Amino acid sequence: MADSPATADQSGAGEGALPKVKSEKELAKEQKKAEKLAKFEEKKKKKAEEEAQKKAKEADGESKKKKPEPKEKAVVKYESNTPDGEKKDTSCPMPEAYSPSYVEAAWYKWWVKQQFFKPEYNDPAMDTEKRGLFMMVIPPPNVTGSLHLGHALTNAVEDCLTRWHRMNGKVTLWVPGCDHAGIATQVVVEKKVWREQKKTRHDLGRENFVDEIWKWKREKGDRIYEQLEKLGGSYDWDRKCFTMDEKLSTAVTEAFIQLHERGLIYRSVRLVNWSCTLNSAISDIEVDKEELEGKTMIAVPGYKDKVEFGVLISFAYKVEGSDDEIVVATTRIETMLGDTAVAVHPDDDRYMKYHGKYVKHPFVDRRLPIVCDSFVERAFGTGAVKITPAHDHNDYEVGLRHKLPFLTVIDDKGNMTGDCGVFSGMKRFDARRAVLKALEEKGLLRGKLDNPMVVPICSRSKDVIEPLLKPQWYVDTKDMSADAVKVVQDKELKIIPESHEKTWFNWLENCRDWCISRQLWWGHRIPAYFVTVDDPSVPQGSDIDGEYWIVGKNEEEAKEKAAKKFKVPKEKITLRQDPDVLDTWFSSALFPCSVLGWPNKTPDLEKFYPGTLLETGHDILFFWVARMVMFGRTLMGKLPFTEVFLHAMIRDAHGRKMSKSLGNVVDPLDVIQGITLEDLHKRLEEGNLDEKEYKTAREGQKQDYPNGIPECGTDALRFALIAYTSQGRDINLNVLRVQGYRFFCNKLWNATRFALIALGPDFKPKPSAQLTGSENEMELWILSRLSYAVEKCKEGFENYDFPLATNALYNFWLYELCNWYLENIKPTIYGTDEKAKVVCQDVLYTCLDTGLRLLHPFMPFVTEELFQRLPRRSASEPPSICVTPYPLTKDFTWHNPDLEQEVDFVQNIVKSVRSVRGDYNITNKMKPDLFIRCSDEETAKLVQKHTDTIKVITLAADVRVLTGETPPAGCAVQTVSAKCETHFMIKDFIDIQNEIGKLTSKKDRLQGQLKKIQDSMARDDYLTKVPEGIQQENNTKQAELNEEIEKLTAAMNMLSSIQ
């Protein structure tokens, strides 16, 4: 019991203190205070108890409602002990769900061991006369690289074509190979040697450095092949080639000798794309063109500070003998140190008085003639142009026309030469600043403006390309180019899509001679030898004089040729082999014949040259395709192939080019196997991105793959890439959409599992797919759709219209077979009519067997796995789906458009009911009545035939067809056609007010999202600042939201009408 206030008060007194006597008034006041306090405490206690009870009740309710945590599905792996190359065990039960890693295990090594991919399979003589021929070579990927999605697309398209031709019975050869990738490989190994040994290639010497490259190739070079296997490519691996193999090297040497002896390879001093960092000339395709809008600071290798580009500098040259001046402009002010003339248009009145006169160079003792040339544009700038013949392609031509001095003022390493006065020895971009400052000090600077321009960047070293004059070897392409134009004009060579013919003609009709020298150590060394003759009667030659260069298969052969040419004994000849190697594209141009053994007359060359098709990306139409055509026609007298199919370029989901700095480059193996966001970030860290690029790339990955990339499998990736391949259009690939095709694989899996149960263990298919006459309309309909799919696949393959085939197959398997036919046959399969069941099983088997064969070129793994689980029509059938005949249109003549139209009408009835179920949350367990109201007897009669099907698939309790009667109230109404409506009795299955409330909340939420997008699109700078890809996304999202809001409004109105 609590102490009284008096006692409590007294207890606070000190020891020995007397108790205080309180008045009645004070005691009464304290009593009231105590009562109030007690009431408050009681109230507080009661509230606490209520809260506790409420929480306990909620917790109890939650525990009842709360579902157990879902167990994470274990990844199903194939764990049977199948030795490499042995056939996979398919006698075990099928896993419940599709697993890419389970399905794709073991098949590839079995295919290879059984030699299914070899043209000799089941026909050692390779009878092309009887069977026809399909032959193609791979566009050889660089040995240094790992595959990206562009390679995956190439592989997918080429493999589906190869598998299709093989299944059509042709002698089929697809040759794999790898390119030695001169510059890329040398750079990789140079970095490796420095990292491991702290030595440069010059420290090692040429022979030892090349040995290091071969060692690296033996260790790492098969990585590309392993990735190609993972993608399912059906290559003949016994014929694989590396462009530095002895066989291909022999072809390269022979080609160089033949072309040189015919005068088609010659030596000349011309401007080349020079990389000062690599110390080598590089090809046009290895030059990235960076577009600038104006002044931009760019990081250049070898410079601490960034270098200024994108500015136009105007300066004055003083006219000799007067106070007049001529103002010229340049974006590369350091090159003015190499100016040897100023050019004006001959008809420009402003400069008539200066014709034949000179201007004085301000920094070196040099007079520059004022020359007249019609290439000058009078309206551009001042109408006067500085001419630097040794450092500019346009100026080079002017220099030749006017016989100007060609003065090299930048050396191989990018330093200013000794002809540059006080600027000699400076690095070129240090000289850029110094020359600008000196012009200003001399009062000759006339202006500096922002200037849009393109800066050529070396794709390998990121250095700025410098045009330099170099003695190099060239291929005379004039006649070759004209011939390559003619074969396309005459339709001897077909380019698909035809839109690329314009590019072909444009490039080849304006083709310059091809520089084939590269100042590298890795590659095919040029088989040319400079001759020195120890005889006073023979004058000493010059390096740039082609007469003193002899070509030969080896030094001994070259020495014999030199002795014969100069009419001296061999002993008087000294040879020096050119240290340069050939452009990688030279050996690539020979690939179609060199892989078959040319120049030797091998059986493969006789059988397989010319090939059938060349498939590649349109970006190398000139660099590779045109050069193969030119070399094939020149060296072999034949085209290397008769058709060229050019696939599109892959961009990311936003339409941007794939770029490491954007973080949108995707390794196909990451799509196949799956990868976390964290591991994607780690890939960026392993690259060579600077801090800003790394942050951009990391943020891009977070936005595109917030949960990483799910495991999709090879089949899904291949199908997605091919389905996107529409002729003439680039591919904006959302990697996550590939997952949709993984779900499609799961549909195939589940359909086959169901079918195997429906067929039963004792089912034996008939020897061929034939109608019995007992098929019902649904069976005839699915066979009609199957026949249509066969037609579209044939048409798609023959015309390289891959989406036509993939769409037909996707629709057949998913919508027609799985979503419709399999649902429709369940009453028959589980029923007691045995005759009907047998007919149904035969049709089902035909659909599965044919559907898998149609799909195999696109999805090789899952189709093989499922095909092996089906019974065979006869014991003599081929052992694998990949060598089983492809379905032919002549065997599938059941296409019936009239029946399809009828069933399509019935399907629309079902769709309308399913739509109501979705709109009003009518679960499959709920079985309302369905009333189908028809306006005429003909429509009613058609619907009446299919009421059993409609009832099964819509899960309705009953289906009634009405013509004159009015359906009862309480139905959701959908219009199927002008003559048919569905009335689904939902009133007794839903809480109408509750459903209206839910729909209202959802509508409000969507309207909020719509307003946000509309506000964003209404901004003044929206069209100029928001990327085009984002604008397209917003337009699509806006349309989708509007459509969804309209549906919700209609559903709410419908509910209100049936209350």
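The end C-alpha atoms of residues 996-1058 lie 12 Å apart, and the span is 89% helix and 0% strand. Helices here are DSSP runs of H or I with at least four residues, strands are runs of E with at least two, and both are numbered from the N terminus. The UniProt record, an unreviewed entry, annotates residues 996-1058 as "coiled-coil region". UniProt positions follow the numbering used here, feature names are shortened, and annotations may be inferred rather than shown by experiment.

Some ground rules. This is a predicted model, in which local features need pLDDT of at least 70, side-chain atom pairs count only at pLDDT 80 or more, and totals for chains, interfaces and linings use all residues. Residues are numbered from 1 along each chain as its sequence is written, and side-chain values use heavy atoms, with hydrogens and water left out.

Now confidence. pLDDT is the predictor's confidence in each residue, from 0 to 100. The protein averages 89, and 92% of the residues score at least 70. Residues 1-28 are below 50, and this stretch has 6 contacts in the model beyond near neighbours in sequence. Contact means heavy atoms within 4.5 Å. Residues 55-72 also stay under 50, with 0 contacts beyond four places in sequence.

Next, the strands. Two strands count as paired if DSSP finds at least two bridges between them. In general, strands of a sheet pair through backbone hydrogen bonds, either parallel or antiparallel. Strand 5, residues 265-275, is joined to strand 6 by 2 bridges in the antiparallel sense. Ser 275 has Ser 280 of strand 6 as its bridge partner.

Which way do the residues of strand 12 point? In this strand, residues 341-344, Ala 341 and Ala 343 point one way, Val 342 and Val 344 point the other way, and all are buried. Buried means under 20% relative accessible area, exposed means over 50%, and partly exposed is in between, with a 1.4 Å probe and protein chains only. Strand 12 runs antiparallel to strand 15 (residues 384-387), with 4 bridges, and Val 342 is bridged to Lys 386 there. With strand 14 (residues 367-372), strand 12 pairs in the parallel sense over 3 bridges; the partner of Val 344 in strand 14 is Cys 372.

On to the cores. A nonpolar core is a set of buried Ala, Val, Leu, Ile, Met, Phe, Trp, Tyr and Cys residues joined through side-chain atoms within 4.5 Å. The largest one has 247 residues, and those with the most contacts inside it are Phe 256, Trp 504, Phe 586 and Ile 986. Helix 27 supplies the largest share of this core, 13 residues. Leaving aside neighbours within four places in sequence, the contacts of Phe 256 include Ile 265, Trp 473, Ile 516 and Phe 586.

Now the charged pairs. A salt bridge is a side-chain nitrogen of Lys or Arg within 4 Å of a carboxyl oxygen of Asp or Glu. The count by this rule is 69. In one of them, Glu 823 and Lys 826 meet at 3.2 Å, N to O. The two are 3 residues apart in helix 27 (residues 802-829), so about one helical turn separates them. Glu 823 is partly exposed at 29% relative accessible area, and Lys 826 is partly exposed at 28%.

How far apart are the closest N and O atoms of Arg 872 and Glu 877? They are 3.1 Å apart. Arg 872 is buried at 18%, whereas Glu 877 is partly exposed at 24%.

Lys 945 and Glu 902 form a salt bridge at 2.9 Å, N to O. This pair links distant parts of the chain, 43 residues apart: Lys 945 is in the loop between helix 31 (937-944) and helix 32 (947-954), and Glu 902 is in helix 30 (residues 897-919). Lys 945 is partly exposed at 48%, while Glu 902 is buried at 16%. There is also a network of salt bridges linking Lys 118, Glu 120, Asp 236, Asp 238, Arg 239 and Asp 604.

Last, Pro 871. This residue is in the loop between helix 29 (860-867) and helix 30, and is partly exposed at 23%. Beyond four places in sequence, Pro 871 is in contact with Phe 763, Pro 765 and Tyr 845.
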